[in-house]
Amino acid sequence: MNEKETISLVTSYVGKLLRTRFGKGPESVSVFLSERCIVFHLRNFMGPVEKFLLTQEEEKAFRYTRELLMESLLPELSDFLRENTGMNVSEFYYDWGVHNASGAIIGMFDPTPADSPDYPGKADVHEKVTEVTAAIQKVPEHIDSWWVNPRMLAVFRQGITVLLEKEMVELGYTEVLKAAKRRLEKRMLEQDADAGIILNKKLTDLYADWDFNLDRSIVIYIFEE
């Protein structure tokens with residue numbers, strides 16, 4: 001099976017899986033592969049109940065519901081990828097663009113810290129993301145980034161969780177912590193670490209997620225064509 005056939009198979013499966021679990025699938029699913037990860041970009045992915053929750057300013061309930069569904073969905077997706085494509089995803093990250101009903105699911109193949117090939121502006125992107133990370137948490141023990149495709153840049157960080165955050169996770173406040181971090185960090189990444197300015201591209205979407213147990217985080221920048 002070549003890459004085009006693989007992407008077609010995975011795209012079809014993910015659309016059906018999301019539609020089965022959520023009652024409504026995304027309008028479109030775009031799948032992108034790189035050496036380090038696989039990314040599913042979802043567009044117009046919002047059901048009637050979810051829209052109602054958001055009109056009532058219940059974003060917390062919206063995210064909690066999706067969190068529960070994703071926890072049950074991801075193991076099934078992982079099994080499918082391994083059995084049908086040979087991809088071994090070690091960990092998943094995901095985030096939602098509430099403002100435009102979009103979303104991203106990121107599967108990492110190899111969690112071992114590594115340095116991807118250089119690209120113009122890489123050092124400056126790392127410097128800006130590190131400054132934002134240090135302002136909110138601490139300087140990352142490791143940071144790397146790579147182009148998933150010409151429009152999508154992935155930034156991986158490890159060793160960024162501070163003691164207070166670890167304690168909140170231990171006490172069961174993971175979702176509260178994620179909600180606060182998404183609100184603050186995504187705003188600061190857009191305002192203070194806009195990779196589009198560095199790379200001379202226009203930013204259209206930004207997604208961020210964390211695995212507090214593994215002390216890792218992924219940020220996805222998506223730019224205009």
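This short talk walks through a predicted model, moving from its nonpolar cores to a helix pair and then to a handful of individual residues.

Let me begin with the conventions. Because the model is predicted, local features need pLDDT of at least 70 and side-chain atom pairs count only at pLDDT 80 or more, whereas totals for chains, interfaces and linings use all residues. Residues are numbered from 1 along each chain as its sequence is written, and side-chain values use heavy atoms, with hydrogens and water left out.

I will start with the interior. A nonpolar core here is a set of buried Ala, Val, Leu, Ile, Met, Phe, Trp, Tyr and Cys residues joined through side-chain atoms within 4.5 Å, where buried means under 20% relative accessible area, exposed means over 50%, and partly exposed lies in between, with a 1.4 Å probe and protein chains only. The largest such core has 29 residues, and within it Phe40, Leu77 and Leu81 touch the most other members. The elements giving two or more residues to this core are helix 1, strand 1 (28-33), strand 2 (37-43), helix 3 (59-85) and strand 3, and helix 3 gives the most, with seven residues. Helices (H or I, at least four residues) and strands (E, at least two) are DSSP runs, numbered from the N terminus. As for Leu77, if we do not count residues up to four places away in sequence, it touches Tyr13, Val14, Leu17, Phe40 and Phe92, contact meaning heavy atoms within 4.5 Å. There is also a second, separate core of 22 residues, which includes Tyr119, Met188, Leu199 and Ala208.

Next comes the helix pair. Two packed helices are described by the angle between their axes and the distance between the axes. The axes of helix 4 (residues 122-136) and helix 6 (residues 174-192) come within 10 Å and cross at roughly 145 degrees; these axes are lines fitted to C-alpha atoms, for helices over the stretch in contact, and angles run from 0 to 180 degrees between N-to-C directions. On the helix 4 side, Lys128, Val129, Val132, Ala135 and Ile136 meet Leu184, Glu185, Met188, Leu189 and Asp192 of helix 6. The residues of this contact divide into seven nonpolar, no polar and three charged, where Ala, Val, Leu, Ile, Met, Phe, Trp, Tyr, Cys and Pro count as nonpolar, Asp, Glu, Lys and Arg as charged, and the others, Gly among them, as polar.

Staying with helix 6, Glu190 belongs to that helix and counts as partly exposed, at 42% relative accessibility. Leaving aside its neighbours within four places in sequence, Glu190 is in contact with Leu203 and Leu206, and its C-alpha atom is separated by 9.5 Å from that of Tyr221, 31 residues apart along the chain.

Now to the polar contacts, meaning pairs of N or O atoms within 3.5 Å; within protein, one atom must be able to donate a hydrogen and the other to accept it, and residues adjacent in sequence count only if both atoms are side-chain atoms. Arg21, by contrast, lies in helix 1 (residues 3-22) and is partly exposed at 28%; its side chain makes a polar contact of 3.1 Å with the side chain of Ser72.

Finally, a word on backbone geometry. Most residues other than glycine have a negative phi. Ala101, in the loop between strand 3 (91-97) and strand 4 (102-108), has a phi near 55 degrees and is buried, at 12% relative accessibility. Asn200, in the loop between helix 7 (195-199) and strand 7 (203-211), has a phi near 60 degrees, yet Asn200 is exposed, with a relative accessible area of 72%.
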